[in-house]
Amino acid sequence: MNGQDNGDAARRVYDVIAKHHSARLPAPHLDDYRRVCAEFSWEQARGMLSGLPGGGLNIAHEAVDRHATGARAERVALRWLGRTGLRRTLTYRELRDDTNRFANALRALGVQPGERVFVLAGRVLELYVAVLGAFKAGAVVCPLFSAFGPEPLATRMSLGDARVLVTTQTLYARKVGALRERLPGLRHVILLGEDNAPSRVAGTHDWATLLADQSSDFDIVPTSADTLALLHFTSGTTGQPKGALHAHGAVLTHHVTGHYVLDLHDEDVFWCTADPGWVTGMSYGIIAPLSNGVTNVVVEAEFDAQSWYGVLQDEAVSVWYTAPTAIRMMMKLGREALAAYRMPRLRFMASVGEPLNPEAVVWGMEAFGMPFHDNWWQTETGGIMIGNFAAQDVKPGSMGRPIPGVEAAIVKRTADGALEIVTMPGVEGELALKRGWPSLMRDYLNEHARYEKCFAGEWYLSGDLARRDADGYFWFVGRADDVIKSAGHLIGPFEVESALMEHPAVAEAGVIGKPDPMAGEVVKAFVALKAGFEASEELRKQLLGHARNRLGAAVAPREIAFRDNLPKTRSGKIMRRLLRARELGLPEGDLSTLESDER
Ligand code: ATP
Ligand code: MG
């Protein structure tokens, strides 16, 4: 019902872009979807990694050390653009040396393999060094988002049994210092000093001083594919965040998806806009690009359309991975804001985190000459599972098709608790993935029973609703929690939001179900307008009419409310549960990841 899944809107986009880019475009890794999928096996793909010299697997060896001794040793691994205009780079060799120093420092502090190292900093190079060095020491890394307040930090560090925290002097003074008493297990706090001066805070270590004496040689702790490496808290969009545990074996998914989905080639300059405090920023802002040996751009500053366009142009970014919220903000500003920039090297753009409205895909074509390639995954899946690929048709509004090595299906749970696989195209149901890919979470922290509930036999159940069309493309319907049941219809919020987004006045839309004595639930939409549009009764009527025309009376919103902003998680996801709780006067629940609180 998004209109496009009949294949009409499918385009040979790659051919268009290839023409535009002339000879510069490398041959796509995933040239023939069916053939690559048929020939793919995870066992064989393991050959794309090196493995530890003595046997075993470690993310940092794949991401750093194996390149540091080979032809890529002097290539820039990380290119950092500071907030104030400062630039720093680290080659693969330098990154190996620095991460070795940090791993030695952890050892000198007595940190044992398996202990948890938390990182809390903005996008600064030391954070990347700390994460990769901690992998080398066999520690389990847990990233925290730097904008969290003290409570969410205390909860996560205490749940996650933090042994070490790497943070900045400022964040420590502002948020962490006062929490120390509540965190008896937090033995070491390592502070990044400011303005090149060492930090001197009682009860902490200074990063630079600690590393200065350490050797740049380190033998990576012999971890295996099953050794735990990462603890990631989910975004908290639907409720209290869960702690998903991942093992070193996940690096194979990161590598393979970097190769086949992001289509990373040796000479690429890659930029992932996600913060490493979240799973995307860790998996695709650190691990996947480095494992694939490309130059990874790190931008310290927050979103600003003009400076982002500047980065794409000036750094000659060729592959760009971003999110729907950012794309919608760029759309809000309009194409004119892009007019002064030239990006001849840019050849592939991808998006994740939320459903990507068809409007946004088409806007990409108009503004950048190429579509945004939507892909779908979760903290729990550890890597991209479904995607639109560089050389395949893009259907605007679809998440794409499963990656090689992953089987996805639409399933229904029957009354007796069994699972029924839906084979008929176009039928909505829960999106499930067959176990067997290497980055599936190993457990939920302290919630094993909840983890077990995610599985039915060989299937992992995602909690998202979707449907599959006859070409095998998946279409997101909504999270199981967000789906609206109205007069016998199941309505996915995404479909209604996308229809509203088609109206020129609408910048963002969030849709909920509101209890109704007749229909069970009716659809209510919250809408933020683009610059230059004013909320009015007339516009409300216009939008209601537009939605009714597009969706029919049964699915269209009955009510529309205007908002300056919609409540979002800090990772940019619209929190529909909060719109609903506020509308109905219900408890607001866990707000630890809430970003803006404008009503
Ligand atoms: P929580 O589980 O705490 O409520 P969350 O599910 O938002 O938070 P993440 O693991 O960061 O935490 O997000 C994964 C979810 O994001 C998916 O289950 C899906 O609902 C949504 N999502 C991610 N990518 C896409 C996409 N391309 N299209 C539609 N939805 C997406
Ligand atoms: Mg989730």
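User: At what angle do helix H4 and helix H5 pack?
Analyst: This is a predicted model. In it, helix H4 covers residues 59-68 and helix H5 covers residues 92-108. Their axes lie 8 Å apart, and the packing angle is about 120 degrees.

User: How are H4 and H5 oriented to each other, given that angle?
Analyst: Angles from 65 to 115 degrees count as roughly perpendicular, and those over 145 as roughly antiparallel. The angle for H4 and H5 is about 120 degrees. The two helices are therefore oblique.

User: Is the crossing of H4 and H5 left-handed or right-handed, and which residues of H5 make the contact?
Analyst: The crossing of H4 and H5 is left-handed. On the H4 side the contact is made by Ala63, Val64, Asp65, His67 and Ala68. On the H5 side it is made by Tyr92, Arg93, Leu95, Arg96, Thr99 and Asn100.

User: How do the residues of the contact of H4 with H5 divide into nonpolar, polar and charged?
Analyst: Ala63 and Val64 of H4 are among the residues of this contact, as are Arg93 and Arg96 of H5. By class, the contact of H4 with H5 divides into five nonpolar, three polar and three charged residues.

User: At roughly what angle do the axes of H5 and helix H6 cross?
Analyst: Helix H6 spans residues 125-136, and its axis comes within 8 Å of that of H5. The crossing of H5 and H6 is right-handed. The angle is roughly 60 degrees.

User: Which residues of H6 meet H5, and how many residues of the contact are nonpolar?
Analyst: H5 contributes Leu95, Arg96, Asp98, Thr99, Asn100, Phe102, Ala103 and Leu106. These meet Val129, Ala130, Leu132, Gly133, Ala134 and Lys136 in H6. Three residues of the contact of H5 with H6 are polar, three are charged and eight are nonpolar.

User: How many residues of helix H10 are buried, and which elements do they pack against?
Analyst: Helix H10 runs over residues 250-260, and eleven of its eleven residues are buried, so H10 is largely enclosed by the rest of the structure. Among them are Ala250, His254 and Tyr260. The buried residues pack against helix H2 (33-39), helix H3 (42-45), H4, E9 and H11.

User: With which side chain does the side chain of Thr253 make a polar contact?
Analyst: Thr253 lies in helix H10 and counts as buried, at 0% relative accessibility. Leaving out residues up to four places away in sequence, Thr253 touches Trp42, Tyr284, Gly383, Met385, Trp437, Pro438 and Ser439. The polar contact, at 3.1 Å, is with the side chain of Ser439.

User: Is Tyr284 buried or exposed, and with which side chain does its side chain make a polar contact?
Analyst: Tyr284 is placed in helix H11, residues 279-291. Its relative accessible area is 0%, so Tyr284 is buried. The polar contact of its side chain, at 2.6 Å, is with the side chain of Thr257.

User: What distance separates the C-alpha atoms of Tyr284 and Gln112?
Analyst: Tyr284 and Gln112 are 172 residues apart along the chain. Their C-alpha atoms are separated by 27 Å.

User: With which side chain does the side chain of Ser235 make a polar contact?
Analyst: Ser235 is in the loop between strand E8 (228-233) and strand E9 (243-247). Its relative accessible area is 12%, so Ser235 is buried. Beyond its neighbours within four places in sequence, Ser235 is in contact with Trp278, Thr569, Ser571, Lys573 and Thr593. The polar contact, at 3.4 Å, is with the side chain of Ser571.

How values were computed: Residues numbered from 1 in each chain as written. Chains lettered and ligands numbered in written order. Predicted model: local features only at pLDDT ≥ 70, side-chain atom pairs only at ≥ 80, totals over all residues. Heavy atoms only, no water. Axes fitted to C-alpha atoms, helices over the stretch in contact; angles between N-to-C directions. Helix = DSSP H or I, 4+ residues; strand = E, 2+ residues; numbered from the N terminus. Parallel < 35°, antiparallel > 145°, perpendicular 65-115°, else oblique. Left-handed = near helix turned anticlockwise from the far one by under 90°. Contact = heavy atoms within 4.5 Å. Nonpolar A, V, L, I, M, F, W, Y, C, P; charged D, E, K, R; others polar. Buried < 20%, exposed > 50% of the residue type's maximum accessible area, 1.4 Å probe, protein only. Polar contact = N/O pair within 3.5 Å; in protein donor to acceptor, adjacent residues only side chain to side chain.
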